[in-house]
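Visitor: I have a model open and some time to go through it. Can you walk me around?

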Amino acid sequence: SSVMVAFHVIMLPPLELSVLLCSYLASDLVEALKPDYVAPLVLWLCHESCEENGSLFEVSHPFLLSLKRALGAIVRQKNQPMTPEAVKANWQKICDFENASKPLRIQESIGSIIGVLSKIDSEGGISTNSTSHAASAAPSAFAEIIGHELPSFSSAYTELQTIMYALGVGASVKEPKDMKFIYEGSTDFSCLPTFGVIIAQKPITGGDLPQVPGLSVDFGKALHGEQYLELYKPLPRSGNLKCEAVIADIVDKGSGLVIFLDVYSYFEEELICYNQFSVFAVGSGGIGGKRVSDKAKVAVPVPNRPPDAVRSDATSLNQSALYRLSGDWNPLHIDPNLAGFAGFDRPILHGLCTFGFSARHVLQQFADNDVSRFKAIKARFSKPVYPGQTLQTEMWKEGNRIHFQTKVQETGDIVISNAYVDLLPTSEISAKTPSEGGELQSTLVFEEIGRRLKDIGHEVAKKVNAVFEWHITKGGHTAAKWTIDLKSGSGKVYEGPAKGSADATFTLSDEDFMEVVLGKLDPQKAFFSGRLKARGNIMLSQKLQMILKDYAKL
């Protein structure tokens, strides 16, 4: 006699399947449902003593064909292998349909599996706690991994990408002040600060992190727990940034490992922004590693008082579809079937999309959408959001730090917690638009250069090592003198002649100065035409050009 065994197999990309089953269900289902537990059934069905034929069996991964489900049988014990003999011994019970059920939704099938696994685990049956590869590794093994540099990569983008990102995190034509983020023709067109995470996300979305030698953890069970982003200057409206990623630290939280991945992004050799991704590898902890890290950017609880400000935005039903165009293609955020397979009613919103909404609210409320004031943001992801729900950001101002938490307005669930945005202080001299014949426009520029050099002046001074003096004219007469000292100490900008001797002195009108700063007038052409006069070591102007280009934008 012969036995025909028919199998209907659903294949999913391994990473997608792992993310769906593990990251979002926060369980060890992949271990509990691995193919090893299907093989014994196949072996039993193929055995000459098995008389079963023409039947459909569901094993581990649920496949529904308007089928009826028997109550089934547990055929392995805790920490024991599953065998064909155990299948044979329980065959009558496996095929008993007296009290059969008929699942109508895939969630019911998943739910029943999870329930059985939990029951068995609590009663000493099979264990749903997998033994991770990392669990067998000594904590000292991470000493070689910490500090490991991942392959550097380039992150090129145009104004199109920055606009798509802004729309993806809720910027809208309904808000006039948002036009600077979604219309490239705006005079103050800017890149939203949180676009900095998009620039740096390749090691996470592109799969570089799992390839690190010795980092033997199951990244299918990895969760994006927290995010930190710091900007050293506003992001250019378009560019090609070189990014370098390094594993900064690894800590053991018992239930999992937290991997801190630092990504540094450079524009024309200058550090533009820094990201720290906190990746929580579920089930890989408990190996005796250190519990805290001095390199982690710590999340901070919000103050214990009513918020100082609250802003809300309704997400659209297309929010996930729009945001994923920025590079996070996980189908969980758009495919209803896969979302249902992961236990959700419908696709969920990207955590970093909610992150972008929240940062926009803070920037609107406390910085008047001035991206030059944005310094850093830290956030912890707590719960998922469904497209169409309303995001409510509650904010507390304490100096230049804005604490915030984000809720789903319809449910009250906190979806981003222990978060804050650090803002740069406003200039001591109010930067007001000068009236005709009044304040010089160049004054605003020198103030801006001085403010931006406060934090990184020491680094710039080491590169430039020179003192520049400016004579600004108006109506043919000297109207102001300014000094940019990038030689002594940490560098500074002040009104007046140089205290000592200047290495180079430049003279030009207020109008021409602004044309140079805005890139509308080439300094070399201005020099040869007589509109710009220079004396001293004029070769140093090449270094000065970098200062004007990078630090003088209003």
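Visitor: Where does the charged end of R401 sit?
Guide: The charged end of R401 sits over the ring of Y420, 3.7 Å from the ring centre. The rule asks for NZ of Lys or CZ of Arg within 6 Å of the ring centre and within 35 degrees of the ring normal. R346 lies over the face of Y386 too, at 4.1 Å from the ring centre.

Visitor: What kind of model is this, and how are residues numbered?
Guide: This is a predicted model, where local features need pLDDT of at least 70 and side-chain atom pairs count only at pLDDT 80 or more, while totals for chains, interfaces and linings use all residues. Residues are numbered from 1 along each chain as its sequence is written, and side-chain values use heavy atoms, with hydrogens and water left out.

Visitor: How many helices and strands in the protein?
Guide: The protein has 18 helices and 15 strands. Both are DSSP runs numbered from the N terminus: helices are H or I with at least four residues, strands are E with at least two.

Visitor: Which strands make up the antiparallel sheet?
Guide: That open sheet has 10 strands in the order 1-3-4-5-2-7-10-9-8-6. Two strands pair if DSSP finds at least two bridges between them. At the edges are strand 1 (153-157) and strand 6 (309-314), each pairing on one side only. The twist averages 20° from one strand to the next; axes are lines fitted to C-alpha atoms, for helices over the stretch in contact, and angles run from 0 to 180 degrees between N-to-C directions.

Visitor: How many bridges join strand 6 to strand 8?
Guide: Six, with strand 6 and strand 8 (residues 390-398) running antiparallel. One of the bridge pairs is A314 with T390. Helix 14 (residues 351-367) packs on this sheet, touching strands including strand 6 and strand 8, and its direction makes about 50° with that of strand 8. Touching, or contact, means heavy atoms within 4.5 Å.

Visitor: How do strands 12 and 13 pair?
Guide: Strand 12 (residues 477-486) and strand 13 are antiparallel, over four bridges. W482 has E495, in strand 13, as its bridge partner.

Visitor: What about aromatic pairs, how many?
Guide: The count is 14. Rings of Phe, Tyr and Trp (its six-membered ring) pair if their centres lie within 6.5 Å; planes under 30 degrees apart are stacked, over 60 edge-to-face, and the rest tilted. W470 and F513 have ring centres 5.2 Å apart and planes at 90°, so that pair is edge-to-face. W470 lies in strand 11 and F513 in helix 16, so the pair ties together parts that are 43 residues apart in sequence.

Visitor: Is W470 buried or exposed?
Guide: W470 is buried, at 4% relative accessibility, and F513 is buried at 1%. Buried means under 20% relative accessible area, exposed over 50%, partly exposed in between (1.4 Å probe, protein chains only). Both W470 and F513 belong to one aromatic cluster with F446, F468, W482 and F506.

Visitor: Which residues touch the most other members in the largest nonpolar core?
Guide: L209, L215, L235 and I247, in a core of 73 residues. Such a core is a set of buried Ala, Val, Leu, Ile, Met, Phe, Trp, Tyr and Cys residues joined through side-chain atoms within 4.5 Å. Helix 14 gives the most to this core, with nine residues. Apart from that core lies another of 27 residues, among them V460, F468, F506 and A526.

Visitor: And L241, where does that lie?
Guide: L241 lies in strand 3 (residues 239-252) and is buried, with a relative accessible area of 0%. L241 and A156 are 85 residues apart in sequence and 6.1 Å apart in space, C-alpha to C-alpha. Leaving aside neighbours within four places in sequence, the contacts of L241 include F153, Y157, I199 and F267.
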